[in-house]
Amino acid sequence: RGFKYAGRKGDLLAAFLRLYPGDIDADVRKIDAEMKRYDAKSRTLTKGELIVFEGLFLAATLVPQRGHALFTPPSRPRRFTPHPGFEEFMSRARFDNIKRAILAPCADHASAGEDRWWQIRPLIAAFNRNRLVNVV
């Protein structure tokens, strides 16, 4: 909110997709399957929803609010820390459902006993491989 980008429409999305570690379509399918494991009636996850989720997840690091405060407007306006308005982009329940399943595509269950980073190690490796190819 309040961010102005002067570049061409779609430039940021194109950069994000180019730098995405791995196959985003395969990740959407794996996350969706994991979400359905928790809740069989869960709406099918789309690539757009995953991108919005990741954007909100990253944007949450830039504001002081945490948890439900990101999605629930305060009862009275706050002067120094305005409400970020995440609910305009995704419901809190949907965000939580995706968050619960987000590690499905990258967790290395085989090394769970010996590696403290087993849930994200493959993601880090894929990110580094992609960075070496796409970042000058």
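Which residues does Cys106 touch, not counting residues up to four places away in sequence? I looked this up first, and the entries below follow from there.

**Entry 1. Basis.** I note that this is a predicted model, in which local features need pLDDT of at least 70, side-chain atom pairs count only at pLDDT 80 or more, and totals for chains, interfaces and linings use all residues. Residues are numbered from 1 along each chain as its sequence is written, and side-chain values use heavy atoms, with hydrogens and water left out.

**Entry 2. Cys106.** I found that Cys106 touches Trp118, Gln119, Ile120, Pro122 and Leu123, a contact being heavy atoms within 4.5 Å. I located Cys106 in the loop between α4 and α5 (121-134). Its relative accessible area is 8%, so I recorded Cys106 as buried (under 20% relative accessible area; exposed is over 50% and partly exposed lies in between, with a 1.4 Å probe and protein chains only). I also checked Arg131, 25 residues from Cys106 along the chain, and read a C-alpha separation of 17 Å.

**Entry 3. The fold.** I counted five helices and zero strands, in the order α-α-α-α-α along the sequence. Helices (H or I, at least four residues) and strands (E, at least two) are DSSP runs, numbered from the N terminus.

**Entry 4. Helix α2 against α4.** I read an angle of about 110° between α2 (residues 24-38) and α4 (residues 92-101), with their axes 8 Å apart. The two helices are therefore roughly perpendicular, a label given to angles of 65 to 115 degrees; under 35 counts as roughly parallel, over 145 as roughly antiparallel and the rest as oblique. On the α2 side, the contact is made by Ile31, Glu34, Met35 and Tyr38; on the α4 side, by Arg94, Asn97, Ile98, Arg100 and Ala101. Axes are lines fitted to C-alpha atoms, for helices over the stretch in contact, and angles run from 0 to 180 degrees between N-to-C directions.

**Entry 5. Helix α2 against α3.** I then turned to α3 (residues 47-59), whose axis comes within 10 Å of that of α2 and crosses at roughly 90°. This makes α2 roughly perpendicular to α3. Ile24, Asp25, Val28 and Ile31 of α2 meet Lys47, Leu50 and Ile51 of α3. I noted that Ile31 is named in the α4 contact and in the α3 contact.

**Entry 6. Whole chain.** I recorded 136 residues, of which 29% count as buried. The C-alpha trace spans about 50 × 40 × 30 Å along its principal axes. Among contacts with a separation of 6 or more, 48% join residues 24 or more positions apart.
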